[in-house]
Amino acid sequence: MRCLEVSIRIINGPERLAVLGPADRNIKMIREALGVHVTAREGKVSLSGERNAVLIARNVLEALNAAGAAKQTLGRQQVFDLITEESQRMTADPDGAIGSSPLNEDDWDGRLNVYVAGRQVRPRTENQERYLQAIREHDLIFGVGPAGTGKTYLAVAAAVHMLKTERVKRIVLTRPAVEAGERLGFLPGDIRAKVNPYLRPLFDALNEMMEFNTLRRFMETDVIEVSPLAFMRGRTLNHAFVILDEAQNATRGQMKMFLTRMGHGSKMIVNGDPSQTDLDDPTDCGLVDAAAKLRVTRGVGFIGFTRQDVVRHTLVQRIIEAYGDDDRT
């Protein structure tokens, strides 16, 4: 018998009752119906037991989480129906609960099993919804647009979701270290310490979406890897979710090198804002070049973000508008 252990973060506040049920009724129903070990504490439910039973329980809890976030409370019979439906789905497709790339809508319905401060991470604009849709449907996705539009944040959320649901085995974060001229040896520490300052936005998102001890363990075991773009040469990344941030600072040669690192079962996200390139020669921008070359390539998704997609402080959108399209900031 194959066993599995998973943890699911659940929403906090009054909506928590919709997930657990009165007197933890829903948890007890899951435990009794599926024979899994379930514990709920500190905003997290831990599941362990036979693999398929755990996967069914996980899917039921994800549905309860979504219902709670929508302020919907499911009755006893509705919860039982959920368990029955997920069990039937597992019986029909026992290997379908842990998919492999490429994904389709049946593998991932668009909801993210990722929570920040007890709230499910969700797209907030139409372009953000299209962005997540592209991540579901394509293996290579370009997110292009101004700062504050959620490109990095949603990419990290999708990566965490796919890692938690075992659709990928690792997350790889990379970014051009243009400010250091890619000569990272002048900075103190090992490779990770040298490149960490350049990947701070990615780390900030990870810290919000994962428990500190889990994130530290994943970093130590290279389940989550941080690597400067210059060090990606010669590698093949299989079953990985790879995010290239600040791609406007990658040269044409670096971009081609990066894109050809894709391996089996992997997804690559390329994010950037061409108007903010720090390259000495802006005409050598790999992001602009790749967009021109790959725009009509089958299997590649392109999502363009605008000022209307800015989801940071309202002043950020006004600042972007004040600087205009031609100014670098």
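Predicted model: local features only at pLDDT ≥ 70, side-chain atom pairs only at ≥ 80, totals over all residues.
Trainee: Which element gives the largest share of the largest nonpolar core?
Mentor: That core has 39 residues, and those with the most contacts inside it include Tyr131, Phe241 and Ile243. Two or more residues come from each of α5 (126-137), α6, β7 (170-175), α8, α9 (212-220), β8 (224-228) and β9 (240-244). The largest share, nine residues, is from α6.

Trainee: What does isoleucine 224 touch, not counting residues up to four places away in sequence?
Mentor: Ile224 is listed with Leu206 and Met209 among the residues with the most contacts inside the largest nonpolar core. With residues up to four places away in sequence not counted, Ile224 touches Ile171, Leu173, Leu206, Met210, Leu215, Phe218 and Met219.

Trainee: How many residues are in the other core, the one with Val38 and Val60 among them?
Mentor: This core lies apart from the largest one. Leu74 and Ile83 are also among its members, and the size is 31 residues.

Trainee: What is the handedness of the crossing of α6 and α8, and how do the residues of the contact divide by class?
Mentor: The crossing is right-handed. From α6 the contact takes Thr152, Tyr153, Val156, Ala157 and Val160, and from α8 it takes Leu202, Ala205, Leu206, Glu208 and Met209. By class these are eight nonpolar, one polar and one charged.

Trainee: How do the axes of α5 and α6 cross, and which classes of residue make the contact?
Mentor: The axes of α5 and α6 come within 11 Å and cross at roughly 40°, and the two helices are therefore oblique to each other. The crossing is right-handed. Gln128, Tyr131, Leu132 and Ile135 of α5 meet Lys151, Leu154, Ala155 and Ala158 of α6. The classes in this contact are six nonpolar, one polar and one charged.

Trainee: Against which elements do the buried residues of α11 pack?
Mentor: In α11 (residues 286-294), the buried residues are Gly286, Leu287, Asp289, Ala290, Ala291 and Leu294. They pack against β6 (140-144), α10 (252-259), β10 (267-272) and β11 (300-304).

Trainee: Is glutamate 62 buried or exposed, and with which residues is it in contact beyond four places in sequence?
Mentor: Glutamate 62 is found in helix α3 (residues 51-69). Its relative accessible area is 15%, so it counts as buried. Leaving aside neighbours within four places in sequence, glutamate 62 is in contact with Arg111, Asn113 and Thr165.

Trainee: What separates the C-alpha atoms of glutamate 15 and threonine 73?
Mentor: Glutamate 15 is in the loop between β1 (3-9) and α1 (16-20), and it is buried, with a relative accessible area of 15%. Not counting residues up to four places away in sequence, it touches Gly68 and Lys71. Threonine 73 is 58 residues from glutamate 15 along the chain, and the C-alpha separation is 8.5 Å.

Note on methods:
Residues numbered from 1 in each chain as written. Heavy atoms only, no water. Buried < 20%, exposed > 50% of the residue type's maximum accessible area, 1.4 Å probe, protein only. Helix = DSSP H or I, 4+ residues; strand = E, 2+ residues; numbered from the N terminus. Contact = heavy atoms within 4.5 Å. Left-handed = near helix turned anticlockwise from the far one by under 90°. Nonpolar A, V, L, I, M, F, W, Y, C, P; charged D, E, K, R; others polar. Core = buried A, V, L, I, M, F, W, Y, C linked by side-chain atoms within 4.5 Å. Axes fitted to C-alpha atoms, helices over the stretch in contact; angles between N-to-C directions. Parallel < 35°, antiparallel > 145°, perpendicular 65-115°, else oblique.
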